[in-house]
Amino acid sequence: MTNARHSIKRGVSLYSYQEETFLRTMSLEDCIRAASEIGAHGIEIIPEQSIPDFTNLTEEFVDTWFAWMEKYGTTPTATNSYLDTKLYPDRWLTVEEQIASIRTDIDVAVRLGMPIVKATINTSPEVMEGAAPYAEEKGVQLLIEVHAPFHYEHPWILEHLEVMHRTQSPALGLMPDMMTYVKRFPRVVSERALRDGANPAIVDYIVELYDDHGDTHALMDIVNYRGGGPVEYGLARVASHYIWTDPRKMLDHMPLIKHIQAKFYEMTEDEVEYSIPYDEIIPVLIEGGFDGYLSSEYEGNRHIQDAFPVDSVEQVRRQHAMFVRLLGEVA
Amino acid sequence: MFDKYIVCDEGFRARGDGHIGGVVEVRMPYYRGLRLSMVEGVDLVLDDKPIAPERTTFTVHGNTYTFDQMPSVTYDRWEFGERAELAFETDEPLATGEHEVTVSVRLRLSYMPVPGGGRSTKRLTFAA
């Protein structure tokens with residue numbers, strides 16, 4: 001499955017199977033098996049989604065986890081941490097408490113054999129810096145997600161990059177989320193708005209403005225001027241949240257990029273993503289020498305579940321068929 | 001997300017503790033479990049009449065809390081997809097048959113500048 005041109009590996013975040021997991025039609029083991037069956041051998045999880053009673057992992061669970069990894073030929077790749085700064089109703093967590101929270105997430109990752117912890121975008125540069133020594137000590141990499149509407153020139157990301165460059169900590173880095181490369185507005189999202197009763201003329205306006213890569217800053221105001229209501233505002237908010245930037249911008253940061261969240265909304269029957277041009281992204285990762293995991297993150301279920309059956313396993317299968325093609329894998 | 005799954009189709013029933021009222025099973029419209037201190041409310045409207053939070057309790061995996069207690073419960077969780085039991089008291093017993101049940105779940109999500117959660121309405125059949 002290797003290729004002379006690159007060492008990119010394929011995996012799945014079990015977030016992708018959230019619909020089936022929520023409804024208890026797939027167990028954790030079913031999710032791992034589904035990934036393995038399509039040659040996606042890297043397993044990423046949100047512990048708070050996949051494992052009950054977080055952060056208390058029993059010995060029995062950990063043993064079962066590693067037995068599954070062996071049985072299905074899979075490898076733990078990453079966990080996703082959440083920094084609940086608003087845990088208490090009356091005050092924010094202090095910076096020290098936030099760092100302690102990340103340390104606990106690192107401990108959980110270590111027990112599951114995960115080399116990477118994703119820090120959710122609200123994790124501040126100070127907390128990343130404060131947690132880095134513990135991550136180094138534990139041999140775990142703490143990666144800030146680069147999630148829309150953020151990008152590599154955004155002040156919030158620039159502050160994170162400043163910490164990474166100044167400290168030169170080997171534990172810190174970036175986890176780009178491919179929702180920063182939404183080139184065309186996801187039709188599953190606009191079609192859902194129409195089903196929810198949105199004004200078709202306003203939906204067309206939003207989709208066309210997005211697809212033309214126009215200025216979406218004032219979109220919610222314009223939708224208001226055009227007589228929109230809550231459904232149209234919701235769509236406008238989403239449209240001002242997605243971004244399209246040149247994937248080649250990742251080349252400037254390649255040494256810090258250790259893992260890719262391969263977000264997607266709709267894989268068509270032709271095995272292409274409707275809105276995110278992976279054929280423009282994967283060549284950049286190959287050119288940059290990326291050697292981590294492309295980890296699927298299916299997020300279309302929430303947009304179609306009102307009207308259509310959700311088949312996350314098939315959606316992820318199609319994405320990996322596309323990856324095999326774009327990576328030039330030979331079985 | 002998951003709003004349509006908040007109110008469970010099954011399990012709408014009388015209370016088992018002798019009090020007048022009922023139990024509706026509810027799920028959290030979010031993609032991970034949360035500590036209960038971040039669940040700001042699970043508001044119930046029954047046949048267009050709001051039930052005061054003081055007349056409801058919330059049970060996850062056998063542990064029951066009042067909504068006065070919830071803000072300080074950082075040691076227990078509402079798990080992803082878990083069916084919690086929202087028990088409520090009414091003045092009069094509920095009639096057997098169909099009722100309209102609306103549940104709003106209000107969540108405090110740290111990375112969101114606006115309140116999280118969702119709302120759903122279903123017609124459920126009450127089993128006395």
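This is a predicted model: local features need pLDDT of at least 70, side-chain atom pairs count only at pLDDT 80 or more; totals for chains, interfaces and linings use all residues.
Turned away from the buried side of H9(A), I found the exposed residues Pro200(A), Ala201(A), Asp204(A) and Glu208(A).

Next I listed the buried residues of H9(A). They are Ile202(A), Val203(A), Ile206(A) and Tyr210(A). Why do these sit on the same side of H9(A)? They cover an arc of only 105° around the axis, so they share one side of the helix.

I then asked what covers the buried residues of H9(A). The cover includes three helices of chain A: H8 (187-195), H10 (219-225) and H11 (230-239).

I checked the length of H9(A). Just after H9(A), I noted a positive phi of about 55° at His213(A).

I looked up the domain record. UniProt, in an unreviewed entry, places "domain: Xylose isomerase-like TIM barrel" at residues 32-302 of chain A. That span is 44% helix and 14% strand, and its end C-alpha atoms lie 22 Å apart.

Last, I turned to the contact between the chains. I read 25 residues of chain A in contact with 18 residues of chain B. On the chain A side, helix H1 (18-22) and helix H3 (47-50) each give two or more residues. H1(A) gives the largest share, three residues. By type, the chain A side divides into 12 nonpolar, seven polar and six charged residues.

Terms used
Residues are numbered from 1 along each chain as its sequence is written. Chains are lettered from A and ligands numbered from 1 in the order in which they are written. Two residues are in contact if their C-beta atoms, placed from the backbone, lie within 7 Å. Helices (H or I, at least four residues) and strands (E, at least two) are DSSP runs, numbered from the N terminus. Ala, Val, Leu, Ile, Met, Phe, Trp, Tyr, Cys and Pro count as nonpolar, Asp, Glu, Lys and Arg as charged, and the others, Gly among them, as polar. UniProt positions are given in the numbering used here, feature names are shortened, and annotations may be inferred rather than shown by experiment. A residue is buried if 20 or more other C-beta atoms lie within 10 Å of its own, exposed if 12 or fewer, and partly exposed in between; C-beta atoms are placed from the backbone. The arc is that of the directions from the helix axis to the C-beta atoms.
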